[in-house]
Amino acid sequence: MADLIASIIRFVLSNYSLTFLVVGFAFALFAIARAEKPVSSATVVEKLLSWYVFWSIGVGYFYNFVMHAFFGEMVASFIGWPDSPFQFEVATASLGFSAVGFLAAFRSFDLRLAAVVGPALFMLGAAAGHVYQMVEHRNFAPGNAGVVFYMDIAIPLIGFGLLWLRHRSGRQEMPG
């Protein structure tokens, strides 16, 4: 049983982008359940987008900052790369994305748009880098070719989808 628990914890922490996406959606569902009835589709989208930005961008990139800044050697090994001073640069970029995510989570559409676009471009670029590493260097380490790779594509697509739905709803004020 202890091995199973350790494996689950390892999976959750190693695949933090998936973990924080799921946690964000759980928070959104709770917020939707507590919202004033009847719940409009605009309110549902607003809650999903707010909690997505808070967890997937704010918390997720703060976690990425901590891992790259303080556990760089372990992260590099997980990705299948040697440790590098660039780890700290990724860490500080992640800290910046995190700060914008926390600031934007429950604010204007424009601020949330900015909070999603920067990390989305970073993640899609990382996904392209993962493909290159898989094709050219046969790097199929879990941090290069596993859940991390798929989430580098899914997280931006989900963010852009939520932004599109929020924009389409036409509501510029924040629902209660």
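Figure 1. Exposed means over 50% relative accessible area, buried under 20%, and partly exposed in between, with a 1.4 Å probe and protein chains only. R138 sits in the loop between α6 and α7 (142-145). Helices (H or I, at least four residues) and strands (E, at least two) are DSSP runs, numbered from the N terminus. Phi of R138 is near 55 degrees. That is a positive value in a residue other than glycine. Residues are numbered from 1 along each chain as its sequence is written. In this predicted model, local features need pLDDT of at least 70, side-chain atom pairs count only at pLDDT 80 or more, and totals for chains, interfaces and linings use all residues; side-chain values use heavy atoms, with hydrogens and water left out.

**Figure 2. Q133 is a buried residue of helix α6.** Helix α6 covers residues 109-137. Q133 has 16% relative accessibility, so it counts as buried. Neighbours within four places in sequence are set aside here. Beyond them, Q133 is in contact with W81, R138, N139 and N144. Contact means heavy atoms within 4.5 Å.

**Figure 3. The K37 to P38 peptide bond is cis.** Its omega is near -5 degrees. P38 belongs to the loop between α2 and α3.

**Figure 4. Helix α2 runs from residue 16 to residue 34.** At 1.5 Å a residue, its 19 residues should span 27 Å. The end C-alpha atoms of α2 are 27 Å apart, which agrees. The expected span is 1.5 Å times one less than the number of residues in the helix. Buried residues of α2 are Y16, S17, T19, F20, L21, G24, A28, A31 and I32. An α-helix has 3.6 residues a turn, so residues three or four places apart point the same way. The cover over the buried residues of α2 includes α1 (2-14), α3 (41-70) and α8 (147-169).

**Figure 5. E46 and F70 both lie in helix α3.** E46 is buried, at a relative accessible area of 2%. F70 is exposed, at 57%. The C-alpha atoms of E46 and L162 are separated by 8.5 Å. Along the chain, E46 and L162 are 116 residues apart. For F70 and Q87, the C-alpha separation is 9.4 Å. Those two residues, F70 and Q87, are 17 residues apart along the chain.

Figure 6. The C-alpha trace spans about 50 × 40 × 30 Å along its principal axes. For 176 residues, a compact globule would have a radius of gyration near 16 Å; the chain has 17 Å, which agrees. That radius is taken over C-alpha atoms, and the globule rule is 2.2 Å times the number of residues to the power 0.38. Buried residues make up 41% of the 176 residues. Of the contacts between residues at least 6 apart in sequence, 71% join residues at least 24 apart. The chain exposes about 9700 Å², with carbon and sulfur atoms supplying 72% of it. Accessible areas come from the Shrake-Rupley method with a 1.4 Å probe; for residues, only the protein chains shown count as cover.
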